[in-house]
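Trainee: I'd like to learn how to read salt bridges in a protein model. Could you walk me through some?

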Amino acid sequence: MLSFTFSYIVSVLAVLALVNSVFSAPICSVGVRSGGSNNSTSGSGSGSTNSTSSSNSTSSSNSSAPHFLVYSDAWVSGENGPPDPSEIAGYNVFALSFLLASGTADQAQEWESLDASTRSSIKSQYEAAGIKLIVSAFGSTEAPTSSGYDPVDTANTMAAWVKQYDLDGIDIDYEDFDAINEGNGAVEWLVQFTTQLRNQLPEGQYIITHAPVAPWFSNNSQFKGGAYLQVDQQVGSLIDWYNVQFYNQGTDEYTTCDGLLTQSSSTWPNTSLFEIADAGVSLNKLVIGKPAAAADATNGFMDTSTLGTCVAEAQSKGWNAGVMVWEYPTADASWISTVRGSAFPIS
């Protein structure tokens, strides 16, 4: 879920040789958040053993479901900060991408560059419109576990940034696929990182979300050390909700209502929405994530009408978590209005 300007990449490469190695291969074998636009989160799936539904999946919600979240990474001509709230009516969370261990990029960098008065004015407008402003961390550019970043120090630095720049929380777009696949400490890293984030960003005052790919919620032996089922078991109570990436996992994965909601394919078994809930993750913490356009992902795109039908079907079966989309400005007010439809009408 990541797109950088050329000038930003050049500057980062000049300072950090580490980032060069990450940029050289940001895409996994099964999916990245981006398609042709290279705004991505990668995705190869598999899972860990899970918690019971009565344990750590209980919401620590800063805001109640449903959540309608849109990411913003691409530069928009003439912009000076986030769009006017009227342009994203129908969403209640706007995520600025990305905050990195090495600094800020794209929309997070733009927010950082605004003067305090401008940020305060924008924040007031968003608050009046009922929209939370958060930052998204990592994306496909950084592999924090494999790179040896200390989880506690990284959490402290990122939490301090959220507070300094007056945001409502942080989304963890963790895409260290090597660490998950090889079982070399990914779950432990995420647990320590999330625990310290919540220590610094108290429940009820700040939002903390994660954005895993759907296959990471499966009991798939590919993930030698476990994946997000174990993360949920250990620190799910500290996470407000999951912006689940139901895309970039294969050409035909999660592209029908059945595959998205009730029965995923044999490639990534037991990773549809309701199957993940059956594994013990709170149903109303599972936000359905999709790309706004086919060009915004490698695969997994659904047109707004079809996605809206799936959303209505899920809502009729008791789901109320909401929808995530990559990314603005394609995912504008019209996009979310169609997807919400009669299931979640915009008043």
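Mentor: Gladly. A salt bridge here is a side-chain nitrogen of Lys or Arg within 4 Å of a carboxyl oxygen of Asp or Glu. Asp240 and Arg198 form one, with their closest N and O atoms 2.9 Å apart. This pair links distant parts of the chain, 42 residues apart: Asp240 lies in the loop between helix H8 (228-235) and strand E7 (241-245), and Arg198 in helix H7 (residues 186-200). Helices (H or I, at least four residues) and strands (E, at least two) are DSSP runs, numbered from the N terminus.

Trainee: What kind of model is this, and how are residues numbered?

Mentor: The model is predicted: local features need pLDDT of at least 70 and side-chain atom pairs count only at pLDDT 80 or more, while totals for chains, interfaces and linings use all residues. Residues are numbered from 1 along each chain as its sequence is written, and side-chain values use heavy atoms, leaving out hydrogens and water.

Trainee: Are Asp240 and Arg198 buried or exposed?

Mentor: Buried means under 20% relative accessible area, exposed over 50%, and partly exposed in between (1.4 Å probe, protein chains only). Both Asp240 and Arg198 are buried.

Trainee: How many salt bridges does a search of the whole structure find?

Mentor: Five. One of them joins Asp166 to Lys123, with the closest N and O atoms 3.8 Å apart. Lys123 is buried at 12% relative accessibility, whereas Asp166 is partly exposed at 41%.

Trainee: Which residues are linked with Lys123 in a network of salt bridges?

Mentor: Asp166 and Asp168 are linked with Lys123 in that network.
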